[in-house]
Amino acid sequence: MTQPSELPGPVITSLNQPLYEAARRGILSLQRTGCTGVILFPPRAVCPKCLRADDLTWVDCSGSGSIYSWTQVYRPQHPAFFPQVPITLVAVRLDEGPMIIARLEGGEPRIDARVRAAFTKDDPNLLVFALAPTSENSSHMEMN
Amino acid sequence: MMAYDAVLAGAGESQYHKKAQQPLLGYLAEAGRRALHSCGLGISDVDGLAVTSFQLSPDNVVTLAEHVGLQVSWAWQGVHGGASAIVGLLEAVAAIRRGDARVVLCVAGDAFDVASHMEMLDHSFNAAMRDYLAPYGFGGTNGLFALVEQRHRHEFGTSREQLAKLAVTQRSNAVLNPNALLRDPLTVNDYLTARMISSPLRLYDCVLPCAGADAVIVCAANAVADDVPTVRVLSGGQTHNWDPDPSNVIMLDGGWPYFGDEMFADAGVTRDEVDFLELYDDYPIMEVIQLEGLGFCGRGAGGRFIEATDISLSGRLPINTGGGQLSCGQAGAGGGMIGLVEAVWQLQGRAGKRQLRRARTGVVSGFGMVGYGRGLSCSAAVLSTDR
């Protein structure tokens with residue numbers, strides 16, 4: 001049996017530090033390419049179109065999006081996560097375009113449900129989403 | 001018209017184990033030795049070496065050659081995860097055609113168990129997975145392909161019952177495979193009600209990480225005796241980072257559509273002429289996506305195709321005739337070669353009790369290197385008998 005190692009966490013570098021600094025303030029900040037205007041996730045060293053580092057700018061995003069897919073994880077990898085099961089993971093299509101896999105806190109996940117970023121100061125290294133207020137979601141349900 | 005100067009002549013597997021009973025290099029050597037023996041060659045005949053193994057680091061293909069005492073004129077190491085074995089096969093064929101080598105030993109494997117496999121995914125698979133997935137308790141690739149299946153079901157109606165047919169049929173094939181780790185018969189009800197791993201994925205959607213290795217011999221056609229049944233590599237293809245759109249994270253497609261039509265045209269084979277498939281089965285939902293991507297059915301129609309097709313050993317289109325990774329276990333990078341080994345055995349008429357009545361043309365596919373959410377590398381090849 002391999003001994004469980006330390007809890008997995010992001011290796012914070014100059015590449016992704018702005019993401020976590022903004023998350024600590026409750027803001028979802030992502031890179032935008034100057035040449036195409038595309039918002040990127042995960043963080044990159046250079047623009048994937050023009051390969052220039054100075055083409056990328058960190059911009060504050062709305063943090064709003066829709067659930068593209070979801071799962072409830074009953075068998076996480078690291079034992080430290082076992083008491084938290086089921087862990088609800090969502091793939092969120094942000095209104096600005098990119099897709100982010102993160103946790104959903106509270107509420108029942110549903111494809112197309114509207115969500116908003118809800119980062120906690122306790123663990124700014126985790127991007128967390130919560131269901132948007134019912135007004136936003138109920139109007140969507142009526143559309144269906 | 002391609003020249004048929006390079007052939008597949010041998011295939012072999014080490015014993016598979018749920019927990020490693022020998023060092024990684026022991027598994028790789030055992031598979032290689034058996035593959036060479038199967039076509040009447042010895043280690044002294046080998047002048048080319050191709051290896052894929054997640055756990056080989058800090059060693060590599062060159063230090064592996066040193067370890068097993070091989071002098072080679074061509075050495076290749078795969079980094080494409082479960083797509084690597086077929087990429088390496090295509091590279092070996094090209095090397096032989098160039099005259100860089102005459103007998104290439106292609107080997108893939110790892111000495112994982114469940115715990116060490118999880119450890120790798122959390123910490124050392126790639127930076128995107130380590131930094132942006134592992135901290136969430138994402139459940140490894142199980143969590144990611146749960147997201148894929150959930151979305152596939154939402155868009156196309158792919159059902160658990162359709163996917164059950166893959167797992168259950170493969171298990172009945174594995175009953176006839178002495179090297180499969182999971183040989184107890186599996187029922188549809190077992191599959192549908194098994195322990196939840198990451199909804200909607202349950203236990204029998206997930207491969208068992210294990211220890212073992214697979215190997216094939218690619219050589220010049222005249223390097224083996226006349227009575228060795230050889231297999232032709234009619235064509236193949238590969239795509240890496242198949243969709244440059246960085247927001248395509250939950251994959252409903254893969255890279256196969258980018259080369260599938262050309263691959264079948266190069267082979268001179270239509271899809272209807274394919275006798276059997278060896279698909280990369282890390283999850284049943286990925287077999288569905290490969291069926292769609294390789295053009296055996298339309299996009300989104302994979303579930304219904306499985307439902308309507310007899311995929312058993314006596315059926316119209318047998319799939320994963322040795323049980324696949326879902327029943328044999330996934331020996332790390334060896335999982336990318338298990339279908340190739342099985343295809344060679346079927347085409348050579350050496351598949352024992354699970355030998356197909358008609359095995360003249362087969363397709364093998366590979367898939368691997370999950371980065372941020374999606375698997376990045378896709379490969380496939382069309383093989384045929386030389387008779």
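How much accessible surface does chain A have, and what share of that surface belongs to carbon and sulfur atoms? In this predicted model, the accessible surface of chain A comes to about 7200 Å², and 52% of that area belongs to carbon and sulfur atoms.

## Architecture of chain A

Taken along the principal axes, the box filled by the C-alpha atoms of chain A is roughly 50 × 40 × 25 Å.

Chain A has 144 residues, of which 46% count as buried. When contacts in chain A between residues at least 6 apart in sequence are considered, 50% of them join residues at least 24 apart.

## Charge in chain A

The side chains of chain A include 13 positive and 14 negative ones, and the centres of these two sets lie 4 Å apart. Side chains of opposite charge can pair when their charged atoms come close. Over all chains, the structure holds 17 salt bridges.

One of the salt bridges joins the side chains of A:Glu136 and A:Arg114, with an N to O distance of 2.8 Å. This pair links distant parts of the chain, since A:Glu136 belongs to helix α2 (residues 134-143) and A:Arg114 to strand β7 (residues 114-117), 22 residues apart. Both A:Glu136 and A:Arg114 are buried, and both take part in a network of salt bridges that also includes A:Asp95 and A:Arg116.

## Salt bridges in chain B

In chain B, a salt bridge connects B:Glu149 with B:Arg160, whose closest N and O atoms are 2.9 Å apart. Because B:Glu149 lies in helix α6 (residues 140-156) and B:Arg160 in helix α7 (residues 160-174), the pair ties together parts of chain B that are eleven residues apart in sequence. Both B:Glu149 and B:Arg160 are buried.

A further salt bridge is formed by B:Asp253 and B:Arg299, for which the closest N and O atoms are 2.6 Å apart. Here the partners lie in loops of chain B, B:Asp253 between β8 (231-240) and α9 (260-267) and B:Arg299 between α10 (284-293) and α11 (302-308), so this pair ties together parts that are 46 residues apart in sequence. B:Asp253 has a relative accessible area of 23% and is therefore partly exposed, given that buried means under 20% and exposed over 50%.

Key. Residues numbered from 1 in each chain as written. Chains lettered and ligands numbered in written order. Predicted model: local features only at pLDDT ≥ 70, side-chain atom pairs only at ≥ 80, totals over all residues. Heavy atoms only, no water. Buried < 20%, exposed > 50% of the residue type's maximum accessible area, 1.4 Å probe, protein only. Contact = heavy atoms within 4.5 Å. Areas by Shrake-Rupley, 256 points an atom, 1.4 Å probe, with all protein chains shown as cover. Lys, Arg positive; Asp, Glu negative; His and termini not counted. Charge placed at Lys NZ, Arg CZ, Asp CG, Glu CD. Salt bridge = Lys/Arg side-chain N within 4 Å of Asp/Glu carboxyl O. Helix = DSSP H or I, 4+ residues; strand = E, 2+ residues; numbered from the N terminus.
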